[in-house]
Amino acid sequence: MISLFELLKIGIGPSSSHTVGPMLAALTFTQELEPQAEAVQRIQVELFGSLGLTGIGHRTDCAVLMGLCGEHPRTVDPNSIDARVGRILESQQLNWLDRFQIPFDAPHDLLFNRQESLPQHPNGMRCQAWSASGALILQREYFSIGGGFVVTAEQLQANQAGQGRGEDTGNAESRCPFPFTSADELLEICRTRKLSIAEVIHRNELAFYSSDEIDSQLDAIWQVMTDSIAAGCRTEGVLAGGLGIRRRAPEIFRKLSTLPNGQSTTEPPPSESPSPVDPLQQMDWVTLYALAVNEENAAGGRVVTAPTNGAAGVIPAVARYYERFLPQANRAGVHEFLKTAAAIGMLYKRNASLSAAEMGCQGEVGVACSMAAGGLAAVMGGSPQQIENAAEIGMEHNLGLTCDPIAGLVQVPCIERNAMGAIKAINAARLAVLYGDGQHRVSLDRVIETMRQTGVDMQSKYKETSLGGLAVNVPIC
């Protein structure tokens with residue numbers, strides 16, 4: 001079992017696997033190397049596979065440098081990164097551990113291996129440190145396995161050998177009162193213990209945190225989600241990277257905020273009825289929320305990895321839909337939404353993958369859609385069986401979704417894809433709760449396994465390498 005706070009992490013854009021993960025890996029390497037800091041005269045980081053192919057577009061270079069400087073994705077100031085990276089590149093000096101100035105020549109010390117992958121995983125990186133005499137002090141290989149999770153080569157080997165999932169979670173499974181490895185097991189716990197899915201997650205989290213701590217951390221996650229919506233709605237401009245993509249959320253926000261009588265409003269009040277002029281305007285607000293978050297993510301802003309950065313807009317958009325448009329929405333409901341969504345995400349994390357480099361975008365936006373559908377079904381009053389049905393519908397119609405970002409940037413088609421995923425999640429929840437009784441032909445466990453098999457069969461050019469699909473069929477000159 002993993003904690004929901006491992007699954008929903010506060011970090012920075014544009015990518016959980018290519019930005020958050022590499023920053024954490026570089027930070028981990030730095031911390032392990034610190035006892036021998038006096039002897040270090042050179043550090044080199046090599047990026048392999050998908051990290052090497054699309055790392056520039058995903059700001060992996062900036063993330064690695066910040067990790068080497070001791071920064072954590074949760075606390076680093078995203079507005080300071082460009083200036084700090086610029087100083088490192090210009091001075092060719094790394095202010096390591098804030099105490100040591102060591103030479104750092106980026107073309108030789110930060111290498112993008114576009115033709116080579118490490119055999120264990122598509123998102124591999126190798127960190128090395130040498131002394132002044134050229135002696136190797138420390139070498140480590142890390143793998144960014146999706147959703148900001150990072151494992152060492154040894155952990156990944158143990159995972160692939162069936163000896164565990166890789167991450168060190170402090171023997172969480174033995175501490176949780178209600179561990180589960182499948183949706184069927186989760187539903188059985190709900191049935192026999194007469195608990196909701198959110199209550200199962202809450203009781204498991206109590207093995208590590210108090211109720212007040214759980215609520216506080218959920219509030220912090222929701223605050224970052226709503227802040228990223230607000231920031232996306234007010235920030236004008238063109239996204240960096242060369243595609244010339246204009247941020248559309250501010251203009252859409254202005255249009256939606258102008259009432260038919262010409263008056264303006266910041267946002268519709270809770271549970272407002274659909275506009276008599278356009279009964280689908282609620283869906284336009286959902287689209288706006290998702291676009292705003294993912295434009296902020298593409299700009300390197302602070303977002304919640306939910307369960308990845310490339311899919312960071314789906315869950316906030318659907319949860320905001322609940323908060324603004326459904327009757328009797330409240331703080332406890334938002335918490336129930338997030339706990340339930342996390343339970344769904346844990347199943348994908350354990351039994352398939354959250355990595356687009358392994359699964360394509362079905363492992364990112366597809367999983368986020370499934371999680372959001374389950375969360376919304378819960379706060380709509382759905383039973384555990386209806387929630388499982390909603391989550392299954394959310395993924396079933398994302399199977400085979402490729403990851404083919406143009407120019408290796410988390411912009412096209414990623415930003416709009418979050419909006420589509422959010423709308424699909426709402427539809428899935430409504431089908432399951434309003435028009436279903438929990439009985440359905442395809443189980444969530446079966447659709448997760450199907451996603452895994454589809455990801456294994458999918459050609460690598462469609463898995464975050466920018467070597468196929470839109471990435472090669474849309475001119476960028």
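This is a tutorial dialogue on how to read selected features of a predicted protein model.

Q: What kind of model is this, and how are its residues numbered?
A: The model is predicted, and local features need pLDDT of at least 70, side-chain atom pairs count only at pLDDT 80 or more, while totals for chains, interfaces and linings use all residues. Residues are numbered from 1 along each chain as its sequence is written, and side-chain values use heavy atoms, with hydrogens and water left out.

Q: How many helices and strands does the protein chain have?
A: Helices (H or I, at least four residues) and strands (E, at least two) are DSSP runs numbered from the N terminus, and by this reading the protein chain has 21 helices and nine strands.

Q: What does the radius of gyration say about the protein chain?
A: The radius is taken over C-alpha atoms, and the globule rule is 2.2 Å times the number of residues to the power 0.38. For 477 residues a compact globule would have a value near 23 Å, and the 22 Å of the protein chain agrees with this. The C-alpha trace spans about 70 × 55 × 45 Å along its principal axes.

Q: What share of the residues is buried, and what share of contacts joins residues at least 24 apart?
A: Buried means under 20% relative accessible area, exposed over 50%, and partly exposed in between, with a 1.4 Å probe and protein chains only; of the 477 residues, 58% count as buried. Contact means heavy atoms within 4.5 Å, and among contacts between residues at least 6 apart in sequence, 75% join residues at least 24 apart.

Q: Which domain does UniProt list for residues 3-154?
A: The unreviewed UniProt entry lists "domain: Serine dehydratase beta chain" for residues 3-154, where positions follow the numbering used here, feature names are shortened, and annotations may be inferred rather than shown by experiment. Over residues 3-154 the chain is 35% helix and 29% strand, and the end C-alpha atoms are 22 Å apart.

Q: Is H58 buried or exposed, and which residues is H58 in contact with?
A: H58 lies in the loop between helix 3 (50-54) and helix 4 (60-68), and H58 counts as buried because its relative accessible area is 2%. Leaving aside neighbours within four places in sequence, H58 is in contact with P14, S15, H18, T19, G408, V410 and E464.

Q: Where does A198 lie, and what is the C-alpha separation of A198 and K339?
A: A198 lies in helix 10 (residues 197-205) and counts as buried at 7% relative accessibility. Although A198 and K339 are 141 residues apart along the chain, their C-alpha atoms are separated by 5.1 Å; apart from neighbours within four places in sequence, A198 is in contact with E336, K339 and T340.

Q: Which residues does a cis peptide bond with omega of about -5 degrees join?
A: That cis bond joins A306 and P307, and P307 is found in the loop between strand 9 (302-305) and helix 14 (314-325). The peptide bond from V412 to P413 is cis, with omega near 5 degrees.
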